[in-house]
Amino acid sequence: MAASDLFDDDRASSPDASRLRPLDLAGADLRYAERAWPRAEADALYVALRDEIPWAPHVLNIFGREVAAPRLSCWIGDADAVYVYSGARFTPLAWTPTVARLRDMLRERHGLVFNSVLANLYRDGRDTVGWHSDDESELGAEPVIASASFGAPRTFRLRSRRTREAALSVELAHGSLLVMAGATQRLYQHALPRRAGVAAPRINLTFRRIDARAG
Ligand SMILES: O=C(O)CCC(=O)C(=O)O
């Protein structure tokens, strides 16, 4: 099935939608491009990522209990970019051609350099990721994370780490790019909640820079 049969996406294209623009969130550095990849390119990228990545369930250790994550995932990167997240140790698989192409595009178009990526496949609106910050020591003091989304639009929420108050919601569109930098991880948590009525899948790639010596 072609991706365009899966996703309703009749947004008009404005040339500006491909530019990263700042989002207003106190103390944070957040930038968003609604259409970092035009519709046809985003459709093709979705299909290639869906078919190329060896998606698998991951078991997370949450407060000492082993729990299957409510999504499929895959850790990809340079051989030394080992990542520890929620008690699970991810040893990277080699770059697939499409993920490597996206990594190179981020460097060429936005000057962002990454050595790894956490790929998540949300099979439908019941798949989620809970509240967390990407603040592991191997990501450094002010991590720069580029989050590319393909497939069903989903709501990305941020809340204050200190007060737990809701801070911002961003609708992550098919072919969009969100860049989190500066103090974003220190000040805020993020989550992707369930969304009723969503039958289509979504792929999200969060590109990261791991310092292998800091883990
Ligand atoms: O799917 C998303 O947009 C968020 C993914 C995420 O929070 C993560 O991989 O840390």
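This text walks through one protein chain, from its overall make-up to single residues.

The model is predicted. Start with the whole chain. Its secondary structure comes to four helices and 14 strands. Of its 215 residues, 52% count as buried. The chain exposes about 10300 Å². Carbon and sulfur atoms supply 52% of that area. Now look at contacts in the chain with a separation of 6 or more. Residues 24 or more positions apart account for 76% of them.

Next, find helix α3. It covers residues 97-110. How far apart should the ends of this helix be? At 1.5 Å a residue, its 14 residues should span 20 Å. The end C-alpha atoms are 20 Å apart, which agrees with that expectation.

Which residues of α3 are buried? They are T98, V99, A100, L102, R103, M105 and L106. An α-helix has 3.6 residues a turn, so residues three or four places apart point the same way. Keep that in mind as you turn the helix on screen. Several elements cover the buried residues of α3. Among them are helix α2 (39-52) and the strands β4 (65-77) and β7 (116-122). The cover also includes β9 (145-151), β12 (176-182) and β14 (202-208). Just after α3 comes G111, which takes a positive phi of about 70°.

Is β14 enclosed or open to the outside? Seven of its seven residues are buried, so β14 is largely enclosed by the rest of the structure. Here, buried means under 20% relative accessible area. Both faces of the strand are covered. On one side sit R202, N204, T206 and R208, all buried.

Which strands pair with β14? One is β7, which runs antiparallel to β14 and is joined to it by seven bridges. In that pairing, A119 has L205 of β14 as its bridge partner. Another is β9, which pairs with β14 in the antiparallel sense over six bridges. There, S147 stands opposite T206 in β14.

How many residues surround the ligand? There are 13, and the closest are Y122, H132, H190, R202 and R208. A polar side-chain atom of Y122 lies 2.6 Å from an oxygen atom of the ligand. For H190, a polar side-chain atom lies 3.1 Å from a ligand oxygen atom. For T206, an N or O atom of the side chain is 3.5 Å from an oxygen atom of the ligand. How much of the ligand does the protein cover? On its own, the ligand has 300 Å² of accessible area, and the protein covers 99% of it.

H190 also touches Q185. Q185 is found in helix α4, residues 184-187. Is Q185 buried or exposed? Q185 has a relative accessible area of 2%, so it counts as buried. Leaving out residues up to four places away in sequence, Q185 touches S133, D134, P143, I145, R161, M180 and H190. With D134 there is a polar pair. A polar atom of the Q185 side chain lies 2.7 Å from the backbone nitrogen of D134.

Now move to another pair of strands, β3 (residues 56-62) and β4. They pair in the antiparallel sense over six bridges. L60 has V67 in β4 as its bridge partner. The two strands form a hairpin with two residues between them. In that turn, F63 has a positive phi of about 50°.

Finally, visit two loops. R164 lies in the loop between β10 (154-160) and β11 (166-172). Its phi is near 65°, a positive value in a residue other than glycine. R164 has a relative accessible area of 45%, so it is partly exposed. D16 lies in the loop between α1 (3-6) and β1 (21-23). At 35% relative accessibility, D16 also counts as partly exposed. D16 and E34 are 18 residues apart in sequence. In space, they are 9.0 Å apart, C-alpha to C-alpha.

Note on methods: Residues numbered from 1 in each chain as written. Predicted model: local features only at pLDDT ≥ 70, side-chain atom pairs only at ≥ 80, totals over all residues. Heavy atoms only, no water. Buried < 20%, exposed > 50% of the residue type's maximum accessible area, 1.4 Å probe, protein only. Polar contact = N/O pair within 3.5 Å; in protein donor to acceptor, adjacent residues only side chain to side chain. Contact = heavy atoms within 4.5 Å. Expected span 1.5 Å × (residues − 1). Near = heavy atom within 4 Å. Areas by Shrake-Rupley, 256 points an atom, 1.4 Å probe, with all protein chains shown as cover. Pairing = 2+ DSSP bridges.
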